[in-house]
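Student: Before we accept the labels attached to this model, could we go through them one at a time and set each against its criterion?
Tutor: Let us do that with the structure in view.

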Amino acid sequence: MAEKYVVEVKNVVVSHRENVALKNISFNIFAGEFIGVMGPNGAGKTTLLNAISGLEKLVSGTSRLFQNSLAEEYGFPVSVSNSSLG
């Protein structure tokens, strides 16, 4: 059986108006792997994590967490309300 990705990011592009925050980012993370996201202020670290979690609108590409696109499954942007937090 083929091992599944926990996180799959393919050719992700995110832009805020004319500023391209992420350009053609691709990587996969398998279960049990640990990664770090490093870079200077404004490099796109938070934008990347928001794109994976479905909180950031992608210009193009796909982002999946546990084989699901949260933005597709729950609609963009994924909404979080105080009542759903417990």
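Tutor: Two strands count as paired if DSSP finds at least two bridges between them. Please keep in mind throughout that this is a predicted model.

Student: What makes β1 and β3 a pair, then?
Tutor: Five bridges join β1 to β3, and the criterion asks for at least two, so the two strands pair, and they run antiparallel. Within this pairing, K10 stands opposite T62 in β3.

Student: How do you know that strand β1 pairs with β2?
Tutor: Eight bridges link β1, residues 5–16, to β2 in the antiparallel sense, and because at least two are required, the pairing holds. H16 stands opposite N19 in β2, and in the hairpin that these strands make, with two residues between them, R17 takes a positive phi near 60°.

Student: In what order do the elements follow one another from the N terminus?
Tutor: The order is β-β-α-β-α, with two helices and three strands in the protein.

Student: Why is the contact of E8 with K10 called a salt bridge?
Tutor: The closest N and O atoms of E8 and K10 are 3.7 Å apart, and the cut-off is within 4 Å, so the pair qualifies. Side chains of opposite charge can pair when their charged atoms come close. A search of the whole structure finds one salt bridge.

Student: Is K10 buried, exposed or partly exposed, and what makes it so?
Tutor: K10 has a relative accessible area of 45%; buried requires under 20% and exposed over 50%, so a residue in between is partly exposed.

Student: Why is S63 called buried?
Tutor: S63, which is found in strand β3, residues 60–65, has a relative accessible area of 7%, and because the limit is under 20%, it counts as buried. Leaving aside neighbours within four places in sequence, S63 is in contact with several residues, including E8, V9, A51 and I52, and its side chain reaches the backbone oxygen of A51 at 3.1 Å.

Definitions and conventions. Residues are numbered from 1 along each chain as its sequence is written. This is a predicted model: local features need pLDDT of at least 70, side-chain atom pairs count only at pLDDT 80 or more; totals for chains, interfaces and linings use all residues. Side-chain values use heavy atoms; hydrogens and water are left out. Helices (H or I, at least four residues) and strands (E, at least two) are DSSP runs, numbered from the N terminus. Buried means under 20% relative accessible area, exposed over 50%, partly exposed in between (1.4 Å probe, protein chains only). A polar contact is a pair of N or O atoms within 3.5 Å; within protein, one must be able to donate a hydrogen and the other to accept it, and residues adjacent in sequence count only if both atoms are side-chain atoms. Contact means heavy atoms within 4.5 Å. A salt bridge is a side-chain nitrogen of Lys or Arg within 4 Å of a carboxyl oxygen of Asp or Glu.
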